[in-house]
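Please look over the sequence and the structure before reading on.

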Amino acid sequence: MNARNCRKCGKLFNYVSGPPICMACRDALEEKFHEVKAYIRDHANCTIPEVSEVCDVSQNQIQQWLKDERLQLAEGSGITLHCEKCGTAIYSGRFCEKCKSSMANQFSDSIRQPEEPKPAPKKDTRENPKMRFLG
């Protein structure tokens, strides 16, 4: 059993996976997520500080939901995110599609099995390698 204290309320709980918060705090956070999602849907040009103030959620939490791709912004939104690799404007996540595919190709290239080297043909090291007959 892996018992931990909740980061939000301090209550002891049985930790399984995910963020180290108890089920009660996790349920409350999920309700806040749906509230933020509905607010962003209804107010397309809102900003993160505005959403944070209206919904009583920290700006860091909203940014985390955007990075985790749980929230996705509409085109023309007042909230701007940028690709962490190239700086292109994106609507959710951490990287643009171009950088994601580039990194996926690099990862697949790095785990590809190297080809076995072909054996070099054996060279005859004798002085005169021509056929000889014993007589």
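**Overall fold**

The model described here is predicted, not determined by experiment. The protein holds four helices and four strands, and when it is read along the sequence these elements follow the pattern β-β-α-α-α-β-β-α. The protein has 135 residues, of which 25% count as buried. Among the contacts between residues at least 6 apart in sequence, 25% join residues that are at least 24 apart.

**Cysteines**

How many disulfides does the structure hold? The number is zero. The sulfur of cysteine 55 has as its closest cysteine sulfur that of cysteine 46, at 8.3 Å, and this is too far for a bond, because a disulfide calls for a pair of cysteine sulfur atoms within 2.5 Å. Cysteine 83 is likewise in no disulfide, with the nearest cysteine sulfur, in cysteine 99, lying 3.7 Å away. That distance can be set against the cut-off, since sulfur atoms have to be within 2.5 Å to count as a disulfide.

Both of these cysteines can also be described by their accessibility. Cysteine 55 counts as buried at 2% relative accessibility, and cysteine 83 is buried as well, with a relative accessible area of 5%.

Cysteine 25 has its place in helix 1, and at 13% relative accessibility it counts as buried. When neighbours within four places in sequence are left aside, cysteine 25 is in contact with Cys6, Lys8 and Cys9. The C-alpha atom of cysteine 25 is separated by 9.1 Å from that of arginine 7, a residue 18 places away along the chain.

**The largest pocket**

The largest pocket holds about 210 Å³ of space. Its lining is made up of Pro19, Ile21, Arg26, Leu29, Glu30, Asn60, Gln61, Gln64, Trp65, Asp68 and Arg70. The elements that give two or more residues to this lining are helix 1, which covers residues 23–42, and helix 3, which covers residues 59–67. Which element gives the largest share of the lining? Helix 3 does, with four residues. Sorted by class, the lining of the pocket has four nonpolar, three polar and four charged residues.

Glutamate 35 lies in helix 1 and counts as partly exposed, at 36% relative accessibility. Glutamate 35 and valine 51 are 16 residues apart in sequence, and their C-alpha atoms are 9.8 Å apart in space.

Serine 52 has its place in helix 2, which covers residues 48–55. Is serine 52 buried or exposed? Serine 52 is buried, because its relative accessible area is 13% and buried means under 20%. The side chain of serine 52 reaches the backbone oxygen of valine 57 at 2.5 Å. If residues up to four places away in sequence are not counted, serine 52 touches Val57, Ser58, Gln59 and Ile62.

**Two loop residues with positive phi**

Two further residues deserve a look for their backbone angles. Aspartate 56 is not a glycine, yet it has a positive phi of about 55°, and it lies in the loop between helix 2 and helix 3. Glutamate 69, also not a glycine, has a positive phi of about 65°, and it is found in the loop between helix 3 and strand 3, the strand of residues 81–82. The table sets out the accessibility of these two loop residues.

| Residue | Relative accessible area | Class |
|---|---|---|
| Aspartate 56 | 62% | exposed |
| Glutamate 69 | 43% | partly exposed |

Aspartate 56 counts as exposed because its relative accessible area of 62% falls in the class over 50%. Glutamate 69, at 43%, counts as partly exposed.

Conventions
Residues are numbered from 1 along each chain as its sequence is written. This is a predicted model: local features need pLDDT of at least 70, side-chain atom pairs count only at pLDDT 80 or more; totals for chains, interfaces and linings use all residues. Side-chain values use heavy atoms; hydrogens and water are left out. Buried means under 20% relative accessible area, exposed over 50%, partly exposed in between (1.4 Å probe, protein chains only). On a 1 Å grid over the protein atoms alone, a cavity is a set of points where a 1.4 Å probe fits but cannot get out, and a pocket is an open set with protein on both sides within 12 Å along at least five of seven lines; lining residues have an atom within 4 Å of a point. Grid points are joined across faces, edges and corners, and a volume is the space filled by probe spheres set on the points. Ala, Val, Leu, Ile, Met, Phe, Trp, Tyr, Cys and Pro count as nonpolar, Asp, Glu, Lys and Arg as charged, and the others, Gly among them, as polar. A polar contact is a pair of N or O atoms within 3.5 Å; within protein, one must be able to donate a hydrogen and the other to accept it, and residues adjacent in sequence count only if both atoms are side-chain atoms. Contact means heavy atoms within 4.5 Å.
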